[in-house]
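Here are a few friendly notes to read alongside the structure. Take them one at a time, with the model open beside you.

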Amino acid sequence: MADFLMPSLGADMDEGTLVQWEVAPGDTVRRGQVVAVVETAKGAIDVEIFRDGVVEELLVEPGTTVPVGQPIARLRECGEAEPTPGPAPAPATATAEPDTARVRASPAARRQAEALGIDLEALAGSGPDGAITLEDVGRAGSARESMAEAVAPAPAKPAAPGRPVDIRGAIAAAMSRAKREIPHYYLGHWVDLSPANEWLADWNASHPVAERLLPAVLMLRAVALAAARFPDFNGFWRDGKFVAGDGVHVGTAISLRRGGLVAPALKNADRHSLPELMDAFRDLVGRARAGRLTGSELLGGTITVSSLGEQGVEEVYPVIYPPQVAIVGFGTPVERPWVVGGRIEPRWLVRATLAADHRVSDGRRGALFLEAVTGLLQEPETL
Amino acid sequence: MKTDELERVMRTALAGVAPDLEFDELDPETPIRDQADFDSMDTLNFAIALSRALGIDIPESDYPHLASLAECRRYLAMRTG
Amino acid sequence: MSAARTTYREAVRAAIRAALLDDERVFLMGEDVGSYGGCFGVSKGLLEEFGPERIRDTPLSESGFTGAGIGAALGGMRPIVEIMTVNFSLLALDQIVNSAATIRHMSDGQFSVPLVIRMATGAGRQLAAQHSHSLESFYAHVPGIRVVAPATLEDARGMLPAALADPDPVVIFEHTSLYNLEGELAEDAGAVDLDRAAIRRPGRDVTLVTHGGSLAKTLAAAATLAEEGIEAEVIDLRSLRPLDDATIIASVSRTRRAVMVDEGWRTMSLAAELVTRIVEQAFYELDAPLARVCTAEVPIPYPAHLEQAALPSADKIVAAARRLTGG
């Protein structure tokens with residue numbers, strides 16, 4: 001018999017109000033099935049169950065508010081016999097969901113995951129009782145392999161068309177790990193792009209098309225220079241402590257036309273001029289899309305930039321790419337009224353955001369870092 | 001320059017920039033970036049390839065003329081007179 | 001070589017007859033094996049052909065005639081002792097376990113007991129609790145005897161001569177539901193090996209391990225599973241002692257899932273032994289928990305519907321396999 005507890009639907013949730021039950025006693029439930037609707041401070045939320053079984057008893061009436069962790073239903077597990085009438089069972093104490101302690105995975109899956117270095121916790125199980133099977137690990141492995149394939153030089157292979165690049169699994173694993181392990185904090189700042197745009201327009205007007213620059217390169221360069229000044233945003237969280245990067249290698253999130261994205265690194269981005277960086281960036285994008293990155297490029301980033309470009313929304317709240325400790329986001333530039341010298345003027349603005357690892361830095365440091373980035377963009381000639 | 005010559009140049013330029021896009025499947029009157037994931041880097045590379053092939057400079061202010069294939073053809077025809 | 005239509009019963013009879021013809025030391029004894037032709041009709045006609053010296057009706061005393069068989073074997077004969085069902089064999093358990101199985105060991109190899117004991121086993125014919133149990137595991141537990149379970153015509157014909165050739169006691173379990181099994185049997189069919197399990201149907205998704213009377217149900221289950229896209233491999237153990245670990249482990253290492261189908265009761269069963277061996281030898285190959293389909297832990301009921309409900313069925317095997325494959 002297992003207790004189904006009022007779940008915590010957010011770190012700030014202390015209690016929830018049961019709005020309605022979606023199941024009745026005697027119903028068979030499957031892991032992942034919505035069994036109840038719970039009202040929280042954030043609104044009504046569908047609550048899923050985390051194990052298979054049969055609903056034995058609903059302990060809480062709709063309309064009741066109960067603290068997180070209190071049993072709200074009792075579940076008979078698969079294979080468990082119907083209870084026989086007898087002495088009342090000892091009252092269950094409210095504890096954490098027992099099956100969250102250890103991932104349910106088959107021995108073969110565990111061995112294979114260990115061999116491939118795949119984190120079982122990031123996988124969804126398709127086996128009995130939601131257990132992770134060898135096939136699940138294999139799927140994650142081949143997803144990663146196809147990413148590695150994108151990484152490894154593959155001269156004989158024609159580029160992208162029709163090639164099934166299943167990098168979804170790799171992204172899922174990395175992002176699940178990021179959200180599970182990294183305590184992100186977020187900062188945002190509006191940047192007046194006008195100085196940069198004017199500088200860029202001048203540059204591009206006076207250079208042939210092959211030597212022109214994209215705004216994204218200014219942003220990459222600004223982040224690189226700021227990261228060199230603020231080393232606690234440039235490096236990795238490894239084995240419980242921060243390890244500074246051996247240089248400023250700026251990962252750039254590049255979306256692949258067939259879906260998914262990769263974030264290969266521009267090596268030593270703080271030590272290259274804008275035209276050099278532009279060439280390197282162009283080369284990186286081309287090879288990323290042709291599936292010809294090198295392993296060190298793909299894995300070598302010490303900090304990442306995610307830029308939405310021209311077609312997108314104003315603001316991005318990026319997710320840190322583990323084991324890195326910071327990522328800077330740039331939204332799509334927008335023309336907005338802006339107060340300059342006491343007057344309202346139309347200006348091109350971009351929203352810069354920072355997601356950083358709270359284990360390594362604090363908001364105050366983050367603010368200084370983000371200000372450094374935006375300050376550099378105000379003075380494009382210093383880039 | 002003849003129209004079919006321009007067409008060939010555009011075809012080659014696009015194939016170099018985005019080998020996974022099918023030229024013939026693009027609607028000529030609709031901006032490429034509305035039909036496919038075609039970003040500013042692609043636009044820039046497209047401009048570079050066209051400018052190299054045709055031996056003309058394409059100022060940044062003219063990039064909007066490269067947005068759709070039909071508009072691009074008209075623009076290049078005008079530029080190469 | 002041509003094949004002839006025959007039954008399991010006739011195949012066993014042919015094996016006994018051939019042994020009687022081949023070796024004058026061979027004789028058959030048991031309850032009703034002579035005039036009556038055997039409780040399941042296996043020895044019909046043999047008394048007329050071979051006479052009462054070699055086809056011997058015995059009193060209803062399993063301990064007595066099994067002991068006599070052991071004595072005859074020690075004295076150089078090659079007795080075939082038929083015990084009507086495994087249920088009654090418990091009366092001879094002392095002779096089998098304390099004498100037949102131990103004499104080679106206790107005599108430091110000076111004496112051997114080349115005895116063959118055939119007995120019927122299993123349920124399904126409404127013979128109720130005292131005639132229907134499957135107690136193969138009792139015997140498979142004991143060192144010093146070999147235990148086999150022919151599930152096909154070839155094995156019905158071929159295991160007996162192989163057992164007679166074995167210098168030590170061999171117990172042959174014939175499931176009562178098999179006697180009417182019909183099929184083709186090569187006319188020159190003869191002795192078969194007693195050591196290896198057989199893969200009766202190859203498959204890659206799940207291994208179904210069974211023996212004797214459950215083989216047909218298991219093959220039927222495999223056919224149903226195949227329609228659902230689950231390819232089950234069916235292993236017929238053939239030998240219950242010793243178990244052919246190599247075949248079982250190799251199969252499970254390929255399929256990574258296994259269901260034991262055993263008409264014995266689950267607790268302390270042959271199925272339990274198989275599960276243990278797989279876990280001991282192939283733990284890291286497993287991709288799902290092991291499962292067992294056994295007989296319900298009740299004395300076998302008399303009413304047909306309750307009897308069937310208690311026994312392993314193709315449906316139960318399908319359900320178990322489906323669950324292991326995530327279906």
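1. Start with the distance between two parts of chain A: the centres of domain 1 of chain A and domain 3 of chain A, taken over C-alpha atoms, are separated by 43 Å. The domain assignment places domain 1 at 2-81, domain 2 at 107-169 and domain 3 at 184-382; such bounds come from an automatic or database domain assignment.

2. A word on the ground rules: this is a predicted model, where local features need pLDDT of at least 70, side-chain atom pairs count only at pLDDT 80 or more, and totals for chains, interfaces and linings use all residues. Residues are numbered from 1 along each chain as its sequence is written, chains are lettered from A and ligands numbered from 1 in the order in which they are written, and side-chain values use heavy atoms, leaving out hydrogens and water.

3. Now look where chain C meets chain A: 11 residues of chain C are in contact (heavy atoms within 4.5 Å) with 13 residues of chain A. On the chain C side, Y284(C), D287(C) and R323(C) lose the most area to chain A, together 52% of what that side buries (buried area is the accessible area, with a 1.4 Å probe, that two parts lose on being put together, summed over both).

4. Which residue of chain C forms a salt bridge with R111(A)? The partner is E285(C), with the closest N and O atoms 3.1 Å apart. The count between chain C and chain A is two salt bridges (a side-chain nitrogen of Lys or Arg within 4 Å of a carboxyl oxygen of Asp or Glu).
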